[in-house]
Amino acid sequence: MKGKKATFNKSKEGVKCKSKNGKDFTLLNPDEKARKSAVELKTGKNVYTGETLTATQKAYRSGYLASRKDSANCYNAKNKK
């Protein structure tokens with residue numbers, strides 16, 4: 001995602017599911033989750049509810065993006081030719 005603007009379309013992203021209790025939820029793959037986190041950090045709002053993110057929620061999302069970056073750096077270092 002470096003150098004690209006992160007976009008997230010909540011109606012098209014993920015797989016829509018329904019729990020045993022009848023609640024609807026969306027399963028996201030790691031790429032979709034990272035894009036969602038990036039958009040939420042930039043706007044400061046939850047994509048699904050529109051509520052403002054708390055400091056804890058912002059920290060969780062930035063930590064998720066940092067862990068993906070660390071993982072990519074490890075992979076690239078391991079597979080360097």
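The chain holds 2 helices and 2 strands, where helices (H or I, at least four residues) and strands (E, at least two) are DSSP runs numbered from the N terminus. Along the sequence these elements follow the pattern β-β-α-α. With a radius of gyration of 15 Å, well over the 12 Å that the globule rule gives for 81 residues, the chain is more spread out than a compact globule. The radius is taken over C-alpha atoms, and the globule rule is 2.2 Å times the number of residues to the power 0.38.

This is a predicted model, in which local features need pLDDT of at least 70 and side-chain atom pairs count only at pLDDT 80 or more, while totals for chains, interfaces and linings use all residues. Residues are numbered from 1 along each chain as its sequence is written, and side-chain values use heavy atoms, with hydrogens and water left out.

**Overall dimensions and surface**

- The C-alpha trace spans about 50 × 30 × 20 Å along its principal axes.
- Of the 81 residues in the chain, 20% are buried; buried means under 20% relative accessible area, exposed over 50%, and partly exposed in between (1.4 Å probe, protein chains only).
- The accessible surface of the chain is about 6,500 Å², and 54% of it belongs to carbon and sulfur atoms. Accessible areas come from the Shrake-Rupley method with a 1.4 Å probe, and for residues only the protein chains shown count as cover.
- Among contacts with a separation of 6 or more, 42% are between residues 24 or more positions apart; a contact means heavy atoms within 4.5 Å.

**Salt bridges**

- Side chains of opposite charge can pair when their charged atoms come close.
- The structure holds 5 salt bridges, each defined as a side-chain nitrogen of Lys or Arg within 4 Å of a carboxyl oxygen of Asp or Glu.
- Glutamate 13 pairs with arginine 35, the closest N and O atoms being 3.1 Å apart. Because glutamate 13 lies in the segment before E1 and arginine 35 in helix H1 (residues 30-43), this pair ties together parts that are 22 residues apart in sequence.
- Both partners are buried: glutamate 13 has a relative accessible area of 13%, and arginine 35 has 17% relative accessibility.
- Arginine 35 also forms a salt bridge with aspartate 31, with the closest N and O atoms 3.3 Å apart. Arginine 35 and aspartate 31 both lie in helix H1, 4 residues apart, or about one turn of the helix.
- Aspartate 31 is partly exposed, at 35% relative accessibility.
- Lysine 18 forms a salt bridge with aspartate 24, the closest N and O atoms being 3.7 Å apart. In this pair lysine 18 is exposed at 58% relative accessibility, and aspartate 24 is exposed at 61%.

**Nonpolar surface patch**

- Val15, Phe25 and Leu27 make a nonpolar surface patch of about 270 Å². Patches are made of residues with over 30% relative accessible area and no salt bridge; like charges are joined within 9 Å, and nonpolar side chains (Val, Leu, Ile, Met, Phe, Trp, Tyr) within 5 Å.
- Valine 15, one of the patch residues, is in strand E1 (residues 15-18).

**Cysteines**

- The structure holds 0 disulfides, a disulfide being a pair of cysteine sulfur atoms within 2.5 Å.
- Cysteine 17 is partly exposed, with a relative accessible area of 22%.
- Cysteine 74 is exposed, with a relative accessible area of 54%.
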